[in-house]
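Reader: I should like to learn how to read a structure of this kind, feature by feature. May we go through it together?

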Amino acid sequence: MSSFPLPVSRLFLSLILLATSLLVSAQTAKKFFATGKKFQEMGNCDDAIKNYTKALEMDPQMEDAYVARASCYEKLEKKAEAAADYKLATTFSPKDEKLFC
């Protein structure tokens, strides 16, 4: 028998499940980002953008994904989208010189 009352046990279990799902999402976001980089290296910006977007859906604070996606948008001459992603990236690293070059 548990020494905690049932509601506390459920809360604890819920917190553990939440933490586990966040960890899994972060790993998946990293995988989408890595796949996006591979597509970008092969010159396939359309598929790279799709993967960066999936990574950002899972981890909206992944600065590198905004920068990489912006770079792809630039190559596709989608300047407004690129500018929007660079602007979002600066919210996480406002003094990062690479974002202003």
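Reader: Of the 101 residues of the chain, what percentage count as buried?

Author: This is a predicted model, in which local features need pLDDT of at least 70 and side-chain atom pairs count only at pLDDT 80 or more, while totals for chains, interfaces and linings use all residues. Residues are numbered from 1 along each chain as its sequence is written, and side-chain values use heavy atoms, with hydrogens and water left out. A residue is buried under 20% relative accessible area, exposed over 50%, and partly exposed in between (1.4 Å probe, protein chains only). By that rule, 26% of the 101 residues count as buried.

Reader: Which elements make up the chain, from the N terminus on?

Author: Helices (H or I, at least four residues) and strands (E, at least two) are DSSP runs, numbered from the N terminus. Here there are 4 helices and 0 strands, in the order α-α-α-α.

Reader: How many residues does helix 2 have, and how far does it reach?

Author: The expected span of a helix is 1.5 Å times one less than its number of residues. Helix 2 has 14 residues and reaches 20 Å from its first C-alpha to its last, close to the expected 20 Å. For helix 3, with 13 residues, the end C-alpha atoms are 19 Å apart, which agrees with the 18 Å that it should span.

Reader: Where do the buried residues of helix 2 fall, seen down its axis?

Author: An α-helix has 3.6 residues a turn, so residues three or four places apart point the same way. In helix 2, the buried residues are C45, A48, I49, N51, Y52, A55 and L56. Seen down the axis, they fall within an arc of 165 degrees (taken from the directions from the helix axis to the C-beta atoms), so they line one face of the helix. The face turned away from the buried side carries the exposed residues K50 and E57.

Reader: Which residues are buried in helix 3?

Author: Among them are E63, Y66, R69, C72 and Y73. E63 counts as buried because its relative accessibility is 14%. The C-alpha atom of E63 is separated by 9.2 Å from that of D85, 22 residues apart along the chain. After helix 3 comes E77, whose phi is positive, near 60 degrees.

Reader: How many disulfides does a search of the whole structure find?

Author: A disulfide is a pair of cysteine sulfur atoms within 2.5 Å. The search finds 0 disulfides. C45 is in none, and its nearest cysteine sulfur, that of C72, is 3.5 Å away. C45 is buried, with a relative accessible area of 7%, and C72 counts as buried at 0%.

Reader: How many aromatic pairs does the structure hold, and how is such a pair described?

Author: A pair of aromatic rings is described by the distance of the centres and the angle of the planes. Rings of Phe, Tyr and Trp (its six-membered ring) pair if their centres lie within 6.5 Å; planes under 30 degrees apart count as stacked, over 60 as edge-to-face and the rest as tilted. The structure holds 1 aromatic pair. The ring centres of F33 and Y52 are 5.6 Å apart and the planes stand at 45 degrees, so the pair is tilted. It links distant parts of the chain, with F33 in helix 1 (residues 6-41) and Y52 in helix 2 (residues 45-58), 19 residues apart.

Reader: Are F33 and Y52 buried or exposed?

Author: F33 is buried, with a relative accessible area of 18%, and Y52 is buried, with 0%.
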